[in-house]
There are 2 protein chains.
Amino acid sequence: MLDALFQPKSIAVIGASNRPLTIGYRIIQNLKDFGYQGPIYPVHPKNPEVHKIKAYPSILKVPGEVDLAHIVVKNTMVPMVMEECGQKGVKFVIINTAGFKEIGGDGIELEKKIVEIGRKHNIRIFGPNCQGIINTDEKVRAYANFTFARPETGYISVLAQSGGVGEVIHQRLVDLGTGTRLYASNGNAADISIPEILQYWATDEKTRVIILHIESLADPRAFMKVALEVTKHKPILGMKTGRTELGARAVVSHTGSLMKADTAIEAVFDKCGIISFRNQEELCQAAIGLATQPVPAGPNVGIITNTGGPGIIATDECIEAGLSLPDISEITRSFLKDHLFAEASVSNPVDVLATAGPKEYGAAIGALLKDQGIDSVMINFITPFFVDCEGVAKEMVRLAQDASKPILAVIMTDKKRKGEVVKIIKDGGIPVYDLPESASRALGAMTKYGEYQRRPDEKIVGFKDVNKVRVKEIIDQAKKEQREFLLAREVIELLEVYKIPVVESVFINNPEDFRQIADQIKYPVVFKVDSQDVVHKSDQGGVVLGINNEQQLLKELNDFRAKFTGPDVRFVVQEYLSGGKEIIIGVNQVEGLGHLIMFGLGGIFVEVLKDVSFKIAPLTEHEARGLIQSTRGFAVLKGVRGEAGVDLNKLTEIILRISQLVTDHPEIRELDLNPVLAYNQSGQTKVVDARIRI
Amino acid sequence: MLDALFQPKSIAVIGASNRPLTIGYRIIQNLKDFGYQGPIYPVHPKNPEVHKIKAYPSILKVPGEVDLAHIVVKNTMVPMVMEECGQKGVKFVIINTAGFKEIGGDGIELEKKIVEIGRKHNIRIFGPNCQGIINTDEKVRAYANFTFARPETGYISVLAQSGGVGEVIHQRLVDLGTGTRLYASNGNAADISIPEILQYWATDEKTRVIILHIESLADPRAFMKVALEVTKHKPILGMKTGRTELGARAVVSHTGSLMKADTAIEAVFDKCGIISFRNQEELCQAAIGLATQPVPAGPNVGIITNTGGPGIIATDECIEAGLSLPDISEITRSFLKDHLFAEASVSNPVDVLATAGPKEYGAAIGALLKDQGIDSVMINFITPFFVDCEGVAKEMVRLAQDASKPILAVIMTDKKRKGEVVKIIKDGGIPVYDLPESASRALGAMTKYGEYQRRPDEKIVGFKDVNKVRVKEIIDQAKKEQREFLLAREVIELLEVYKIPVVESVFINNPEDFRQIADQIKYPVVFKVDSQDVVHKSDQGGVVLGINNEQQLLKELNDFRAKFTGPDVRFVVQEYLSGGKEIIIGVNQVEGLGHLIMFGLGGIFVEVLKDVSFKIAPLTEHEARGLIQSTRGFAVLKGVRGEAGVDLNKLTEIILRISQLVTDHPEIRELDLNPVLAYNQSGQTKVVDARIRI
């Protein structure tokens, strides 16, 4: 419970100051300016007053109970102050002071120490090296922070890892005339974590939307557990900045090299149903829509406009935001024909004409709200001087009252002289946008959240026909021999016992072995070396394709025997597949997160277009299908220009089995199935080459 | 000369009114409110006064000279009023009245009539069915328009085909606190055209940037001629909305089907060096940058920030906007080490730290302005309460005074309480953005303009070794026979006489012909039918690939002879090429514009990814190379993963010869070279199949 942090009944500021340019001064000023509803206790070693409020020489001298104490003293003095807070019974501290984990060395030790002191005294720590919190609730008005944004009371809460970005977003919401509810930026997060705050905010009724900025996740699994639950009921709008470690770390696998800096966090967002943004403006605009409107039940938007140009822009932008503009129903059409001007355009977008007043706008809005093929309504209104614009505004608000569909308004006007129009609409709870572009993008994001909410709540169903024990043995053996890569024969067996189809392969060592299998071989075949010393087989001349007869194969065997020597060297004769679509399935383990599964089409899709998608294991069937569908090459898999597509069910099953394999065996660090050859007839799709790193 | 339109010494309003909701009232109100510097002459049949200004019963009764007259009477009365204007010697009329060409039928005739009257009396017509013009110059202050935006005086001029979009953009500039210079929205453009206005604005010294909105171009060639000249000296920022006819018209050719609704206008913008936008906000933000700052000499941006998060966002967004963040020079680095705080980050972005004041910001800005590797400077500034923010602002302005590189400022602050900081910077001529995202996109567009300006000023060089006369004969023959498509034998000859390499082809009619050439044939070959009745050869069973011997070929010949009959039927034996990269080169003629040349890679690039580029003929060599380079598949042509690329010079030459062919012969409406097979060795690249429609 973080009640005493976000709804503190009293706040002390240890390190309060009368010098205006200090944080100890600024926090008290902010608390006063914002109208904090509880007592403020400045703590200062000497001054009897700070900010004209009675000050105390130590937290121990403060008369009342202290829910929350800011600590802004020098970093080395923080442990002593914490001990005093412990004696006093302070419930929460916000340590604004920097100079802890982020400076490394002694700072790390110091941070450990204060966490220990906190545990000992049952003090929860927010920070250190952080801004603080804000609660705009009329009963609280806690501006326990040194930032400058001055929010009105509203429904959007902002949680930011980077104080800078958090402050910029918060200020932007203020600029856009939108209220906020709670704010938190917890810096080093030594104790109170982002998931813990999220969980608490999920229960805060007046928080309708959560904006979340993160640079990296300390504990992705804990984060996902919480976020997945929160987004079922409350939208989280995520903005990630900064580069993860991923881009930098050395990668051997193909999958690894295809991961971008933000691949992992994007995959986390998607897994949790967090709407992802790269642009703070669009983030804020979408938050405003979600804070005031119902979630769209689908992608079908109905657009109303009173001039052609903006209607066309709205249409273009909605389509690009992934929305659809369906035809309006016949009932709607005939209703509009009766209620709009004769020259009005009664299709989607509905052009009510510049002369349209409250009656016409009302008819159009009402009709689209009733039309069962429409999920959301966007109203464009350029305010003509010859129209009762306030009347139009009031009509919008009246119709929005009981609407179960979201309504967004684009009001293009001189805000100075027509401010009243905008005010009526905003006060009526309809979000107002300056341009169709921003409204369309906001609606796109709102609709995306609806899609997330409607995702089937699938359980991960494991395949029972796998041999987990045997895989464990193979991995243990490799570990025992300190091998990083499994041998090809191990990889093939491992895939086979997980019922993942692999090309037929026979391992041989010498001409003697060969003679024993000679009459079973169906040519053409592929011939490869298998040895832990030969990691890049093709580059090292260890692969020969398209061998057509016994004589050729024997020659290659002899060549290989001369070229590759060593106790573990084996040679493998493999079935040679032709045709089929080249697929790459990869897995890369990410610290703290688990396995990222990659899917892509081979050839130019991967080589030139880097057209791959990632999701976090374990996958549901819905996710496995989504992984395939979200590549641009998906069209090829479905079949283009008369060419047959591939068996998507088989591919989905292979992905799900791989997901189970790596989840069962966290020792697997990287896995590349490259290529899998996929065919139309089920049963034929097979893994042609694979590599596993443990 | 449009002086009397944009700088009218007197304005009459014919159809002036005392009723507030009429255009005749509104225009006079706007002229008065905006402080028009000349006399206003209301014309009203009865009222002695309109808007408390003396009114006249007819334009003929107006005492002084009339530079400009608004006409807002009923459409059918316009001709009579125009005649009176003629008698009076009015120089320009703005016909706001609607009901002309746009309503079709009688309206078209009425529009023709007023144009005739205008010619007769030497009256230039702006409109009809239009808004009007605005000039904010202190000496003019002409708000000859019925819109609501109230601009300050500035350097951005707005020219809009759609009055609605024009007004929205104009208002947005006002909202962003930016002045404008001239405004025009000329509706039906019966006389004064967009190119004419552009040409006039090009000579207006105080117009530094032109914003242009168009839906379609009445005369693309005239537009291009003017725009290409204007953009050499003055940026034009183009926004296109609406769908051209192209998407709708029936297309037979592959090229046609790959054209999007805005392909033609995009190609026009690119040809003219007009920066293209799809988003009004980004358009306005870029205009503000270009109106106040020098054009970047290159893509290299230096970023300064005082907090990490926004610096990272700025970096990401600049890269995505096509800019580069080069390392700063060693001199810059060591200078910054001496002049910034010890913990500051002296790389790009330069993090001067939150504690940085005027001195540190000054050092960083100065150093980046001096660094020869940096073309533009973006300053991010979150205003900390403990810093002299006004001082930082003043330092920015001081350093920007003589800077030859553009400086953009992202000021993240509480504008209500820190408005002074923003004001100092804006007044100092530095554009201020709310977020790093918008500044980055603006800078991206500014840099794009710089690229356009630096394009080589190439002449179109024609190949002399072509036989123009022979092609004319071929086309004339087909026209005479009323054939829409040229026969294959004609197409091949036509390409050959333009020295465009085609696969070797022999045309035969019967087994007798075949025997004559039998011993020259090198197998494998392709066998095709050639007849005007067989347009889709493959679909109609008229193509057989990979014929390996004489017997097979004879069999196909007999089959074809049975299947395809008609006087024009011929059969063609063609060299069968294998390997090579499939290329598609297409041409589509667009009404009024000329030929659009398309380039793309065959296979999935075209089929799945629609990865093609278009440019307008005739092409310079620079443009032909650009056409190839701007496809995503270009990487494949350069060569990927050890595979050889293709001979790009040969491909460029083929494109240039095609450009010349269609320019020499405007009768060619569509042309598809599909495929061209391109190889590494020059000389091998050849057209395999082609179709020409006249």
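**View 1. Relation between chain A and chain B.** A rotation of 180 degrees, with 0.0 Å of shift along its axis, places chain A on chain B at an RMSD of 0.2 Å; the superposition is by least squares on the C-alpha atoms of residues with pLDDT of at least 70 in both copies. The two copies are therefore related as by a two-fold rotation axis. Both copies use the same surface, since 100% of the contact residues of chain A recur in chain B. The model is predicted: local features need pLDDT of at least 70, side-chain atom pairs count only at pLDDT 80 or more, and totals for chains, interfaces and linings use all residues. Residues are numbered from 1 along each chain as its sequence is written, while chains are lettered from A and ligands numbered from 1 in the order in which they are written.

**View 2. The contact of chain A with chain B.** In the predicted model, 45 residues of chain A are in contact with 45 residues of chain B, where contact means that the C-beta atoms of two residues, placed from the backbone, lie within 7 Å. On the chain A side, helix 5 (163-175), helix 10 (280-292), helix 11 (308-320), helix 21 (604-607) and helix 23 (634-638) each supply at least two residues. Helices (H or I, at least four residues) and strands (E, at least two) are DSSP runs, numbered from the N terminus. Helix 5 of chain A gives the most, with 7 residues. By class, this side of chain A has 19 nonpolar, 12 polar and 14 charged residues; Ala, Val, Leu, Ile, Met, Phe, Trp, Tyr, Cys and Pro count as nonpolar, Asp, Glu, Lys and Arg as charged, and the others, Gly among them, as polar.

**View 3. Chain A as a whole.** The secondary structure of chain A comprises 24 helices and 30 strands. Its C-alpha atoms fill a box of roughly 95 × 80 × 35 Å, taken along the principal axes. Of the 694 residues in chain A, 52% are buried; a residue is buried if 20 or more other C-beta atoms lie within 10 Å of its own, exposed if 12 or fewer, and partly exposed in between, with C-beta atoms placed from the backbone. Among contacts in chain A between residues at least 6 apart in sequence, 71% join residues at least 24 apart.

**View 4. A four-stranded open sheet in chain A.** The 4 strands of this sheet follow the order 21-24-22-23, with antiparallel pairing; two strands pair if DSSP finds at least two bridges between them. Strand 21 (505-508) and strand 23 (543-547) of chain A stand at the edges with a single partner strand each, so one side of each is left without a neighbour in the sheet. From one strand to the next, the twist averages 20 degrees. Strand 22 (residues 525-530) of chain A is joined to strand 23 of chain A by 3 bridges, and the two run antiparallel. A:Lys528 stands opposite A:Val543 in strand 23 of chain A.

**View 5. Strand 8 of chain B and its partners.** Both faces of strand 8 (residues 132-135) of chain B are covered: B:Gly132 and B:Ile134 are buried on one side, B:Ile133 and B:Asn135 on the other. Strand 8 of chain B pairs with strand 11 (residues 180-185) of chain B in the antiparallel sense over 4 bridges, and B:Gly132 stands opposite B:Ser185. Strand 9 (residues 142-144) of chain B also runs antiparallel to strand 8 of chain B, joined to it by 3 bridges. Here the bridge partner of B:Ile133 is B:Ala144. Strands 8 and 9 of chain B form a hairpin with 6 residues between them, and B:Arg141 in the turn has a positive phi of about 50 degrees.

View 6. Helix 7 (residues 220-230) of chain B has as its buried residues B:Pro220, B:Phe223, B:Met224, B:Val226, B:Ala227 and B:Val230. Their cover includes helix 6 (194-202), strand 13 (236-240) and helix 9 (263-272) of chain B.

**View 7. Packing of helix 10 against helix 16 in chain B.** The axes of helix 10 (residues 280-292) and helix 16 (residues 436-453) of chain B come within 8 Å and cross at roughly 65 degrees; axes are lines fitted to C-alpha atoms, for helices over the stretch in contact, and angles run from 0 to 180 degrees between N-to-C directions. By class, the contact of these two helices of chain B has 7 nonpolar, 3 polar and 2 charged residues.
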